[in-house]
Amino acid sequence: MLLERYFVTFLILLSSFYLFFSFGLPLYATSGVIGAGFFPRIISTILFILVCYCFITMLRKKPEKQDEEVPQALVKQMSGGQEGFHKDIIIKQCILIISLIVCIALTNVFGMLPVIGLFMFLMLTAVQKVPWAKSLTFSVAILIIMYVIFDWWLGLTLPKGMFE
């Protein structure tokens, strides 16, 4: 419980830091389209509000007391004998972080849309164990939505990498 409070406090400080620095970027460009500060301001504001909500609900929640009637052996057996961190969850989180770093590094080489599509497909199939047909359908649908929103609707150019 204490670790969660520290982490949420860290997220509050981080989101307020990003929110503060997002006000240094222009909200609109001189041509009237959205500027570099539009999305950072919105995302950091939403993050700040949600993390504050999480912090308030965490403070209101009473610490859970273990029922004295349930024997410890039964609790240990039902939890799989693990009381701390689950190794498979930690491994999945490490794979996700490493994949995100690789995704960011390859964006300028191969382009943003192909890298994000491949990242989503691999994460859904390998980490989340979603069937490959559903993963492929979802990844292609998201890529089409991203292309329509950023290229057509907003007129922004995403990094195209070697496809320029």
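**Close-up 1. Phe-17, Tyr-18, Phe-20 and Phe-21 come together as one aromatic cluster.** This is a predicted model, in which local features need pLDDT of at least 70 and side-chain atom pairs count only at pLDDT 80 or more, while totals for chains, interfaces and linings use all residues. Residues are numbered from 1 along each chain as its sequence is written, and side-chain values use heavy atoms, with hydrogens and water left out. The structure holds six aromatic pairs. One of them joins Phe-17 to Tyr-18, edge-to-face, at 5.7 Å centre to centre with 65 degrees between the planes. Rings of Phe, Tyr and Trp (its six-membered ring) pair if their centres lie within 6.5 Å; planes under 30 degrees apart are called stacked, over 60 edge-to-face and the rest tilted. Phe-20 and Phe-21 are also edge-to-face, because their ring centres are 5.2 Å apart and their planes stand at 80 degrees. (Buried means under 20% relative accessible area, exposed over 50%, and partly exposed in between, with a 1.4 Å probe and protein chains only.)

**Close-up 2. A nonpolar surface patch of about 1100 Å² includes Trp-132, Trp-152 and Trp-153.** Among its other members are Leu-136, Val-140, Ile-144 and Tyr-147. Patches are made of residues with over 30% relative accessible area and no salt bridge; like charges are joined within 9 Å and nonpolar side chains (Val, Leu, Ile, Met, Phe, Trp, Tyr) within 5 Å. A salt bridge here is a side-chain nitrogen of Lys or Arg within 4 Å of a carboxyl oxygen of Asp or Glu. Accessible areas come from the Shrake-Rupley method with a 1.4 Å probe; for residues, only the protein chains shown count as cover. Trp-153 lies in helix H6 (residues 132–153) and is exposed, with a relative accessible area of 67%. Helices (H or I, at least four residues) and strands (E, at least two) are DSSP runs, numbered from the N terminus.

**Close-up 3. Lys-129 sits in the loop between helix H5 (112–127) and H6.** Most residues other than glycine have a negative phi. Lys-129 has a positive phi of about 60 degrees although it is not a glycine. Lys-129 is exposed, at 62% relative accessibility.

**Close-up 4. Cys-54 is in no disulfide.** A disulfide is a pair of cysteine sulfur atoms within 2.5 Å, and the count comes to zero. The cysteine sulfur nearest to Cys-54 is that of Cys-52, 9.8 Å away. Cys-54 is partly exposed at 32% relative accessible area.
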